[in-house]
Amino acid sequence: MQSLNADLHSHSNVSDGTLTPEALAERAHAQGVALWALTDHDELSGQRRARDSALALGMSYLSGTEISVSFAGETVHIDGLGFDVDDAALNAGLAATRSGRTERAQQMAAGLAQVGIAGAFEGAMRYVGNPALISRTHFARFLVESGVCSDTYEVFRRYLTEGKPGYVEHRWAALGDAVSWITGAGGVAVIAHPARYRFSPTAEYALFTEFIAHGGAAVEVMTGSHSSAEQARYGETAIEFGLAASRGSDFHSPGESRTELGALPALPGRLTPVWQLLQDRIQVPA
Ligand code: AMP
Ligand code: MN
Ligand code: MN
Ligand code: MN
C-alpha cells in the first residue's frame, strides 16, 4: 500500500502550472507514477482531460483540486481528492473562490507600478492559460522573464509576499465551506503542505481541530514543500490527530519545480495512506 507510487498534488496550465493536463499525465507516467491526481487551484476544468490521459496511459486517477482558504489571517490550501467532478455545490464554491482573482491581480499590478514595474498585469496575463485563474505565479514568471529577478523564488521573496509591493490581502474560502464542498461531493479533504504556514502552535492546533470537526480526514506529509524533518514532524501530527497521510510533489513546471513528479520518499509504514480511504473513488485503466 505505502509503496504505491502515488502523486496526489500537481498543477497544469489550467491553473499555475506550465504543462497541459495531457503533457503532465505523460510526464507523471514516465516518472513511474501509478496513481495520479491533478489538483489545479480552485478549478476543475482540467479534470476530464487529466483522467482520460491517465487512463489511456495505464495510470490510475483520482479527481483533485487545491482550494484557497483564509484561516486565522493566513492563506491555507486544502486539497480535495476523489470527489464527483460534477457536484453542483463544489463547482459553485470553486467559482466563488476564483471570482476575485482578476481584481486582485489588477491591485497587485498597481502596487508593482508604484515601485517602477510597469505593465505587470498585461505581462502576467501573457503566461495565463486560463484567464479566470491569474495567480501570483504568473506575475513571478513575468518578472523573471523581464529580468527583474533571477528566479521565481526571488520574486516571491522581494515582491509577492506579505508586506511586499505586489502583495494584496485577499479573502478566500472559509475552512468549513471548503471541507464541506469536498466531502459533500464524496471526496476526502487534505491539509496541504502544513509546514508552509506561519502559525503559532495554538493557531496550528486550531487549524487541525477545526479541519477535523468539519470532516477533514488527511494531511499532506510527503510534499515538495517539506524538509525531511518536516516530513517526520507531520507524520507524527497525522498519528496524533488520527488523520490519513498524503503524498504529492506539488509539481508546477519542469523549469521551476524543485521536486519531480513521483520522486518523493514513500510514506512511512505506520501512516494510513489517504488512497486507502479512497479505494472506491480511484479510477482504474480498463
Ligand atoms: P495565489 O493563489 O495567486 O496566491 O498563488 C499561490 C501560488 O504561488 C502557490 O500555489 C505557489 O504555486 C506559488 N507560491 C506561493 N508562495 C511561493 C514562494 N514563496 N515561492 C514560490 N512560489 C510560491
Ligand atoms: Mn501553485
Ligand atoms: Mn499550495
Ligand atoms: Mn499546489
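Author: The manganese ion (ligand 3) is coordinated by E66 (OE), H77 (ND1) and H193 (NE2), at 2.1 to 2.2 Å. The structure is a predicted model, in which local features need pLDDT of at least 70 and side-chain atom pairs count only at pLDDT 80 or more, while totals for chains, interfaces and linings use all residues. Residues are numbered from 1 along each chain as its sequence is written, chains are lettered from A and ligands numbered from 1 in the order in which they are written, and side-chain values use heavy atoms, with hydrogens and water left out.

Reader: Which residues coordinate the manganese ion (ligand 2), and how are they spaced in sequence?

Author: D16 (OD), H41 (NE2) and H252 (NE2) coordinate the manganese ion (ligand 2) at 2.1 to 2.2 Å, with the spacing D-x24-H-x210-H. D16, in the loop between strand 1 (6-7) and helix 1 (21-30), and H252, in the segment after strand 9 (244-248), are 236 residues apart. The manganese ion (ligand 2) is 5.5 Å from the manganese ion (ligand 3).

Reader: Why are D16 and H252 called buried?

Author: Buried means under 20% relative accessible area, exposed over 50%, partly exposed in between (1.4 Å probe, protein chains only). D16 has 4% relative accessibility and therefore counts as buried. H252, at 14%, likewise counts as buried.

Reader: What coordinates the manganese ion (ligand 4)?

Author: The donors of the manganese ion (ligand 4) are H9 (NE2), H11 (NE2), E66 (OE) and D250 (OD), at 2.1 to 2.2 Å. H9 lies in the loop between strand 1 and helix 1 and E66 in strand 4, so this pair ties together parts that are 57 residues apart in sequence. H9 and E66 are buried. The manganese ion (ligand 4) and the manganese ion (ligand 2) are 4.5 Å apart.

Reader: Which polar side-chain atoms lie by an oxygen atom of ligand 1, and what makes these pairs polar contacts?

Author: A polar contact is a pair of N or O atoms within 3.5 Å; within protein, one must be able to donate a hydrogen and the other to accept it, and residues adjacent in sequence count only if both atoms are side-chain atoms. An oxygen atom of ligand 1 lies 2.8 Å from a polar side-chain atom of H41. For R101 the separation from an oxygen atom of ligand 1 is 3.0 Å, and for R104 it is 2.7 Å. These separations fall within the cut-off, so the pairs qualify as polar contacts.

Reader: How do you know that the buried residues of helix 4 line one face?

Author: The buried residues of helix 4 are R101, R104, A105, M108, A109, G111 and L112. Seen down the axis of helix 4, they fall within an arc of 160 degrees, so they line one face of the helix. The arc is that of the directions from the helix axis to the C-beta atoms. The face turned away from the buried side carries the exposed residues E103 and Q114.

Reader: What is the reach of helix 4 (residues 101-114), and what is expected?

Author: Helix 4 has 14 residues and reaches 20 Å from its first C-alpha to its last, close to the 20 Å expected at 1.5 Å a residue. The expected span is 1.5 Å times one less than the number of residues. Just after helix 4, G116 takes a positive phi of about 90 degrees.

Reader: Why does R98 count as buried, and which residues does R98 touch?

Author: R98 lies in helix 3 and, at 18% relative accessibility, counts as buried. Contact means heavy atoms within 4.5 Å. R98 touches D42, E43, A132 and L133, not counting residues up to four places away in sequence. A polar atom of the R98 side chain lies 2.8 Å from the backbone oxygen of D42.

Notes
Donors are N, O and S atoms within 2.8 Å of the metal (3.2 Å for Na, K and Ca); water is not among the atoms, so sites may look incomplete. Helices (H or I, at least four residues) and strands (E, at least two) are DSSP runs, numbered from the N terminus.
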